[in-house]
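This report describes selected features of a single protein chain.

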Amino acid sequence: MPVYQAPLRDYQFVLNELLNVYQQDELRGFDEIDIDLVNAILQGMAEFSTEVMLPLNSAGDLEGCRLEAGQVKTATGFKAAYDQFVENGWGTLTSDPEYGGQGLPAVVGLFILEMTAATNMSFGMYPGLTHGAYSAIHAHGTEALKQKYLEKMVTGEWTGTMNLTESHAGTDLALLRTKATPLEEETYAISGEKIFISSGDHDLSENIVHLVLARLPNAPAGVKGISLFAVPKYLINDDGSLGEANNVSATGLEHKMGLHGNATCVMLFDGAVGELVGEANQGLRAMFTMMNEARLGVGIQGLGVSDIAYQNALMYAKDRLQGRALSGPKHSDKAADPILVHGDVRRMLLAQKAFNEGTRGLMGQQSLWLDTASRHSDPNQAKQAGMLAALFTPVVKGFVTDQAFKACIDAQQVFGGHGYVHEWGMEQFVRDLRVSMIYEGTNGVQALDLIGRKLLSDKGAVLNLWSKMVKHFVGEHQGNSAMTPYVMGLVHAAEDLEKATGFIVSQAEKSPDMIGAASMPYLQLMGITVLAWIWARTASIALRALDEETQERTFYQSKLQTAQCYMDYWAVQTSSLRLQIESSSHTMTEFDDALF
C-alpha cells in the first residue's frame, strides 16, 4: 500500500512566507487565524487522512459501489469514515458561521482538500461536491431556501450534487431537455435523466440535495432558458425533519476507469419536487458558482494525487537497486546502485517535485485571490482579485490536471513493472486522476475559455493586470545578481506569453478557427509562465532566509535548487509552445477533412 506524508512544512511556507496570510489585516476574518490555529487544523487533517482515508483508498477501488434495490451502497468502511469526518467537523471549516460553519479562509481550506485528494480522491468527492452545492445555494438561494438546506449541508448530515449532463448534452448545455413544471407553493415537478452524476446516490448521509438544471415552460431557447433547482432525495417537512422519498432515483452506476469508490450515477427525475435556486432562466449563472469552485477543487485533486505519487516514486527510487551510475558505482558496498542515480529517473522526479511545489504555491495564490474578492474592505481591490481568480480558473483546472496526470505517469514509470500492478498503488493513481482532465469542463474547453472568455473578451485587460505584477517583481529583483537565473527565467517565459498573446489577438477576427487550434498550447504556456512567477518569488524568499543564516538550511537550499530546476527544465518550454502556436495553428485548421 502507498504511504503518505502530509507536506506540512510546505503548507507553512506557502501560507506564512509566500502569501503572508497572517498579515492580511484588510481581509475580513483573517485577524481570527494565526499560525498555531492553522497548524493544529492541518496536523489534525494530516492524521485523519493518513490513518482513516488512505487505508480505504485501495479497498474502495477494488470493492467499488453497488446498486441494490434502487439504493447505492458504498465500499466497506466508507460510511464509518464519513461519520468520523462529520463528527470531527472537517466539512464546516470554510463555511458561513451563520449556518454552523467556522468561517475560515479558502486559502486554509485548500490544503485540507489537498490531503483528502492525495489519500482518497473518491472519498473526498462526497464532501467536496456538498460544499459546492452549499456555495451555490448560499450565493443564489432565497433566505427560506438557505434556512431549509444549508445548516445540514454544512455539518455534512446532508450531502449535495450537481446535475448538468444528459446523454445527448455534455459541454453544450443548450441542448438539455430536463423539464420543470410549476406546481403549487413555488415548487416544481422536475422530469428528466442526468448521467455522470458524481456522488449521485450513496449511504453516507441521510439526505442528498441535488442541484438540477432544467427548463421551465416557454423558456427561451439555448442557455438563456436554463433554470437551477434544488431537488432533495427525501422531501423535508415544515419542522425540518425528513418526509417521504422524492421521485428521484439512481437507475444505474457507471463502470469507470477509476474512482471506483465514488458513486457515479445515472439519475432519473420523474416529477420530483424541486425549488428554484436563483432567478428563472438564470440557472447557468447560479450553477457556475458551483462549477468554478469545483474547477479549483479538481486542480487540487491533481496536485494531491500527483504529490502522493511523487512521494512513493521517490521512496522507491532510493530503495530499488538496478545497474550502476554511468560515471561509476555510487554505492560500491551494494550489488547495484539505487535507481535514483540514473539521469532519466532524476529528470522525472525533479520534474514532479518542481511541478508539485510550484503548483501548491499557485493554488494558494488562487485561493487568496478568491478570499480577497469576498473579504477585502476595499471594493476595488476585491474586484481586481476576483478578476484575477477568474482569469486563472482555467489554468488551475486545465493546465494543472494535464501536468499532474503526466507527473503520475512519470511516477508510475519510476516503478517499472511494479508500477503496473495494483499492490503498489501507482496504477490506481493514474486511473483515478485521468478523469480530472475530463470532468467539470474538459481541458480543451478550459483552454477555449481562457482565450475566448478571459483574454479576448476584455482585450487582455486582466492579463495585463497580472503582467504588471510580474514586471513589478522583476523590477524589484533584477539588480540582485543572486536572483538573475530566476528573474531571467521568468522574463523569458513572460516574453513568450506576451508574444503568443499578441499573435492570437491579431488572428482572432480574421481566422477564428485558429483560436481552437492554438488554445491548448496557449493554456500550457500560460501555466508554465505563472509557475515561473511562483518559483521566482520562492527563490527570493529562500535566498533571504539563507542570507539570514536560517536554521533550516536544507529546506531553503532545496527550494532554491528546485527553482533552478524549474527554470532550466520547465520554463524553457515556453519558447517551443509559442512557436507551435505561431506555426502550426493555421496548418491544423486548413488541413483538408478528406485527408484525415
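## Salt bridges and their surroundings

Arg 375 has a relative accessibility of 12% and therefore counts as buried, the cut-off for burial being under 20%. The model under discussion is a predicted one. The side chain of Arg 375 meets that of Asp 371 in a salt bridge, with 3.7 Å from N to O. Asp 371 also counts as buried, because its relative accessibility is 3%. Both residues belong to helix α7 (residues 343-375), where they stand 4 residues apart, about one turn of the helix.

In total, the structure holds 24 salt bridges. Side chains of opposite charge can pair when their charged atoms come close. One of these bridges joins Lys 194 to Glu 166, with the closest N and O atoms 3.0 Å apart. Lys 194 is placed in strand β5 (residues 188-198) and Glu 166 in the loop between β3 and β4 (179-182), so the bridge ties together parts that are 28 residues apart in sequence. Lys 194 has 0% relative accessibility and so counts as buried; Glu 166, at 3%, counts as buried too.

A further bridge is formed by Asp 496 and Arg 578, whose closest N and O atoms are 2.7 Å apart. This pair links distant parts of the chain, with Asp 496 in helix α12 (residues 484-508) and Arg 578 in helix α15 (residues 573-590), 82 residues apart. Both partners are buried.

| Pair | N to O distance |
|---|---|
| Arg 375 and Asp 371 | 3.7 Å |
| Lys 194 and Glu 166 | 3.0 Å |
| Asp 496 and Arg 578 | 2.7 Å |

Salt bridges also connect Asp 10, Glu 114, Asp 307, Lys 353, Glu 357, Arg 360 and Lys 559 in a network.

## Helix α5

Helix α5 (residues 143-155) has 13 residues, which at 1.5 Å a residue should span 18 Å; the end C-alpha atoms are 18 Å apart, so the two values agree. The helix bends by about 40° at Tyr 149. Tyr 149 is also among the buried residues of α5, together with Leu 145, Lys 146, Leu 150, Met 153 and Val 154. The elements that cover the buried residues of α5 include α4 (106-140) and the strands β3 (158-163) and β11 (264-277). After α5 comes Gly 156, with a positive phi near 95°.

## A nonpolar surface patch

Tyr 420, Val 421 and Trp 424 make a nonpolar surface patch of about 330 Å². Tyr 420 is located in the loop between α8 (379-414) and α9 (426-434). With 70% relative accessibility, Tyr 420 counts as exposed.

Technical notes
Residues numbered from 1 in each chain as written. Predicted model: local features only at pLDDT ≥ 70, side-chain atom pairs only at ≥ 80, totals over all residues. Heavy atoms only, no water. Patch = residues over 30% accessible without salt bridge, like charges linked within 9 Å, V, L, I, M, F, W, Y side chains within 5 Å. Areas by Shrake-Rupley, 256 points an atom, 1.4 Å probe, with all protein chains shown as cover. Salt bridge = Lys/Arg side-chain N within 4 Å of Asp/Glu carboxyl O. Helix = DSSP H or I, 4+ residues; strand = E, 2+ residues; numbered from the N terminus. Buried < 20%, exposed > 50% of the residue type's maximum accessible area, 1.4 Å probe, protein only. Expected span 1.5 Å × (residues − 1). Bend = angle between axes of the 7 residues up to and from the residue. Contact = heavy atoms within 4.5 Å.
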